[in-house]
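Here is a short briefing on a structure with lettered chains. Start with the model itself, then read the points by topic.

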Amino acid sequence: MSVTSENRANVSLPADDQILITREFDAPRELVFKAYTTPELVRRWWHANRGDITLCEIDLRVGGGWRYVMTARGGFEVGFHGEYREIVPNERIVSTEVFEGMPDAPALDTLTLTESDGRTTLSLLVQHSSRENRDAHINSGMEDGLQDAMELLEGVAVSLR
Amino acid sequence: MARAATTTDAFNAVAEPRRRQILDLLADGERPVNDLVELIGLAQPQVSKHLRVLREVGAVEVRDDGRRRLYRLNGPALKPIHDWVQGFEQLWSDRFDQLDSVLADLKQKEQGDVGDE
């Protein structure tokens with residue numbers, strides 16, 4: 001990790017069918033918006049060190065689509081796509097989000113950026129259609145963690161050969 | 001992750017919005033039932049019912065203070081929920097740590113551009 005940060009992402013569950021992710025950034029919101037909506041820049045952070053992004057398409061207009069695909073280190077592919085519903089530059093994006101492994105469970109994402117003293121608070125509210133879908137979404141994060149652990153284990157095993 | 005589907009499960013206990021409201025109120029400190037009834041705007045029997053569910057999973061604890069019953073939050077009982085969300089939170093933490101680097105570059109470039117003018 002090249003930047004040490006005391007800013008931790010915070011995840012809370014405000015309602016049965018919601019996930020709220022918040023994080024503060026040491027940058028004005030124009031830059032956060034740019035990093036969030038420019039494919040070349042999204043490619044640099046969205047992977048979360050869990051794989052390689054093989055596709056990142058953003059058609060930033062209401063009715064336009066987005067799609068991100070990553071090959072995770074375990075070799076499996078994960079894809080997400082959606083459609084933009086509302087765009088207020090530098091402030092707010094509402095879009096749908098479909099995890100392609102669970103195509104029947106689309107969520108509605110609301111990204112909000114607020115700035116104070118040159119710092120930006122990002123909040124991403126994920127609205128699912130049911131508690132089950134919300135829970136499955138959170139569980140997918142668990143699997144990522146598990147995958148990481150398996151790979152670490154594999155690395156250790158290989159080094160012991 | 002497997003989860004018990006009974007009412008004695010912390011997940012179920014906090015799935016109900018009113019019960020989450022009670023937990024939020026108790027997060028500020030110990031409160032008597034009457035306070036909760038007033039703040040939540042439900043009838044006392046309903047509030048008591050929610051408190052009973054929360055007590056069953058250990059999310060709240062109660063003590064008697066003279067004629068008042070005081071309720072308080074018991075954080076450790078809610079730990080399974082925290083643990084469950086943690087893997088997901090880690091994903092976003094890692095993602096946003098990367099975003100920090102991208103932003104640091106963008107800031108530097110912007111300053112560079114200003115300097116070039």
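Two strands count as paired if DSSP finds at least two bridges between them. Helices (H or I, at least four residues) and strands (E, at least two) are DSSP runs, numbered from the N terminus. The model is predicted: local features need pLDDT of at least 70, side-chain atom pairs count only at pLDDT 80 or more, and totals for chains, interfaces and linings use all residues. Residues are numbered from 1 along each chain as its sequence is written, while chains are lettered from A and ligands numbered from 1 in the order in which they are written.

**Chain A: overview**

- Chain A holds three helices and eight strands. Along the sequence they follow the pattern β-β-α-α-β-β-β-β-β-β-α.
- Chain A has 161 residues, and 25% of them count as buried. A residue is buried if 20 or more other C-beta atoms lie within 10 Å of its own, exposed if 12 or fewer, and partly exposed in between; C-beta atoms are placed from the backbone.
- Take the contacts in chain A between residues at least 6 apart in sequence: 34% of them join residues at least 24 apart. A contact means that the C-beta atoms of two residues, placed from the backbone, lie within 7 Å.

- E4(A) (residues 65–72) pairs with E5(A) (residues 77–88) in the antiparallel sense, over seven bridges. A:Tyr68 stands opposite A:Phe80 of E5(A).
- Four residues lie between the strands in the hairpin of E4(A) and E5(A), where A:Gly75 takes a positive phi near 100°.
- E5(A) and E6(A) (residues 92–99) run antiparallel, joined by six bridges. A:Ile87 has A:Ile93 in E6(A) as its bridge partner. For A:His81, the partner in E6(A) is A:Val98.
- The hairpin of E5(A) and E6(A) has three residues between its strands, and A:Asn90 in the turn has a positive phi of about 70°.
- E6(A) also runs antiparallel to E7(A) (residues 107–116), again with six bridges. Here A:Thr96 stands opposite A:Leu108 in E7(A).

**Chain B: helix H4**

- H4(B) (residues 44–56) has 13 residues and reaches 18 Å from its first C-alpha to its last, close to the 18 Å expected at 1.5 Å a residue. That expected span is 1.5 Å times one less than the number of residues.
- B:Val47, B:His50, B:Leu51 and B:Leu54 are buried in H4(B). Seen down the helix axis, the buried residues fall within an arc of 100°, so they line one face of H4(B). The arc is that of the directions from the helix axis to the C-beta atoms.
- The face turned away from the buried side of H4(B) carries the exposed residues B:Pro45 and B:Arg52.
- The buried residues of H4(B) pack against H1 (10–13), H2 (17–27), H3 (33–40), E2 (60–65) and E3 (68–73) of chain B.

**Chain B: sheet and domains**

- Three strands of chain B form an open sheet in the order E1-E3-E2, with antiparallel pairing. E1(B) (31–32) and E2(B) stand at the edges with a single partner strand each, so one side of each is left without a neighbour in the sheet.
- E2(B) and E3(B) pair over six bridges. B:Arg63 has B:Leu70 of E3(B) as its bridge partner.
- The domain assignment of chain B, automatic or from a database, gives domain 1 (10–75) and domain 2 (78–116). Their centres, taken over C-alpha atoms, are 36 Å apart.
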